[in-house]
Amino acid sequence: MSSWPSKWMDLPMAGIINKPGNSLEVKTGTWRALRPVINHEKCTKCLLCWIYCPDNAIIRHEDNSVDINYDYCKGCGICARECPVKAIEMVEEGGGME
Amino acid sequence: MSCEKQVRTGLTGDEAVAYAAFHADVDVIAAYPITPQTVMVERLSEFVHNGELDAEFVPVESEHSALSASVGASLAGARVFTATASQGLALMYEILYIASALRTPIVMGLANRAFSAPINIHCSHDDAYAARDAGWIQFFAETVQEAYDLVIAGFKIAEDKNVLFPLIVNLDAFILSHSIEPLYIYEGKEVVREFLPPREPVNPIDPDNPMTYGPLALQNYYMEIKKQQYEAFKSINPHIKKVLEEYSEFSGRRYDFIKKYHVDDADIIFVILGSAAGTVREAVNRLRKEGVKVGVLSLTLYRPFPANEVREVLRNANTVIVMDRSCSIGSPGAQLYLDVATTLYSLPDRPRLVNIIYGLGGRDMFPDDIKKVLEVIKDPKVTEYWLGVRG
């Protein structure tokens with residue numbers, strides 16, 4: 001976390017996080033193994049993925065089209081499972097094992 | 001001038017601890033009954049339900065929950081008391097570390113009872129020793145009076161802004177917990193308030209100022225946060241000393257980290273925790289009449305270990321006999337022995353060290369048993385001896 005002190009003597013006592021809302025500073029999607037990829041031609045803008053995503057990682061645009069926030073998406077695959085038109089594919093991160 | 005509003009009475013150790021928590025005007029009690037601590041919880045429950053003590057009594061379903069509830073209440077700013085013994089402390093184990101790391105100044109009465117198996121309800125120091133690395137301040141009471149006083153002083157120490165660590169007051173199962181002894185208690189919580197004002201919490205839970213307590217910290221921050229806790233604990237002894245001095249003044253009874261008895265010219269010094277210190281002192285009286293130069297060092301403060309004070313007392317002895325009411329299976333010595341050995345290792349001219357294991361599961365130790373120890377250690381090869389075991 002960029003805004004946190006580095007040295008032990010400078011940290012808040014007991015490791016308390018005294019600045020709420022700091023999850024914006026921490027990208028928690030870095031350990032994702034599978035990445036959801038949206039096929040926008042198939043997408044019907046039904047927004048089921050947006051409803052089901054447990055991590056608010058579906059970005060909803062004004063026209064109800066959607067994208068994935070890869071900074072926070074953990075790759076759980078719920079969106080792909082729930083998509084009624086199979087417009088979301090789970091792709092292995094890093095290209096997978098050759 | 002010490003407080004005059006004290007009355008002479010007779011109480012068991014458990015009752016005295018309950019009265020101390022009552023007189024400290026605790027806000028929350030979360031505890032689960034277990035022999036030999038049950039009376040503490042019973043009395044406190046009565047104080048609350050009779051309307052004498054305005055506190056939340058949380059009748060939890062286990063010791064794990066008792067300490068968890070205590071941590072939550074303490075974070076919310078309450079003055080919190082809990083109590084347990086033996087297997088109950090074992091069930092609290094994971095929360096012990098959390099209570100310390102979150103800097104919650106909970107005070108616990110611990111009626112020291114042997115760990116099973118075999119199942120036993122009497123005294124060993126297994127439970128106190130099990131908590132030794134958890135970052136709790138630990139006192140050992142030698143008498144019922146000390147158990148009462150150390151709980152009251154303990155709240156002021158634990159809640160001190162320079163301390164903020166949880167604190168255990170140890171009292172030997174049955175020998176103290178269930179024996180009625182004469183003692184002075186204050187006339188009520190209004191009297192104690194002169195010494196111990198209401199708690200002023202640091203960083204309490206506050207909906208208008210939300211914070212996260214006990215967050216995840218992995219490779220990037222865990223080590224820094226542990227170092228901070230470790231250094232903080234290491235720095236608290238001067239503050240403990242200051243409060244004990246204040247309390248000595250208030251009560252008229254002197255409290256310090258250690259108690260010395262005939263140590264100045266002693267060739268042989270016994271080191272001991274808890275109620276059996278008096279037995280060893282009586283043995284010292286008898287041995288001194290026979291011209292044997294023996295002394296006793298008993299520790300009121302066990303954690304943080306008062307290493308400087310202990311080293312100063314023991315540095316001129318020929319032989320130091322460390323009495324452990326527990327055994328550390330597989331270790332090169334029992335728990336107190338290890339602390340003393342480490343403390344003395346830096347001396348250029350170290351005394352001989354002997355470890356005595358005594359009194360497990362409440363087995364009695366008499367002054368004549370101490371004479372037996374002196375016979376046994378005439379063999380210079382003896383480094384460890386189980387006192388009073390058949391075989």
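## Contacts of one residue

Val17(B) touches Met40(B), Ala83(B), Gly109(B), Ala147(B), Tyr148(B), Val151(B), Val169(B) and Leu171(B), leaving aside residues up to four places away in sequence; two residues count as in contact if their C-beta atoms, placed from the backbone, lie within 7 Å. This is a predicted model, in which local features need pLDDT of at least 70 and side-chain atom pairs count only at pLDDT 80 or more, while totals for chains, interfaces and linings use all residues. Residues are numbered from 1 along each chain as its sequence is written, and chains are lettered from A, and ligands numbered from 1, in the order in which they are written.

## The open sheet

Seven strands of chain B form an open sheet of mixed pairing, in the order β3-β2-β4-β5-β7-β6-β12. Its edge strands are β3 (56-58) and β12 (301-303), each of which pairs on one side only. Strands here are DSSP runs (E, at least two residues), numbered from the N terminus, as are helices (H or I, at least four), and two strands pair if DSSP finds at least two bridges between them.

Within chain B, strands β5 (residues 107-112) and β7 (residues 167-172) run parallel and are joined by six bridges, and Ala111(B) stands opposite Leu171(B) in β7(B).

## A second core

A second, separate core of eleven residues includes Cys53(A), Cys83(A), Ala87(A) and Ile88(A). A nonpolar core is a set of buried Ala, Val, Leu, Ile, Met, Phe, Trp, Tyr and Cys residues joined through C-beta atoms within 7 Å, where buried means that 20 or more other C-beta atoms lie within 10 Å of the residue's own.

## The largest core

Of the 130 residues in the largest nonpolar core, Val17(B), Ala21(B), Ala147(B), Val151(B) and Val169(B) touch the most other members. Helix α7 (residues 144-159) of chain B gives the most to this core, with ten residues.

Key. A residue is buried if 20 or more other C-beta atoms lie within 10 Å of its own, exposed if 12 or fewer, and partly exposed in between; C-beta atoms are placed from the backbone.
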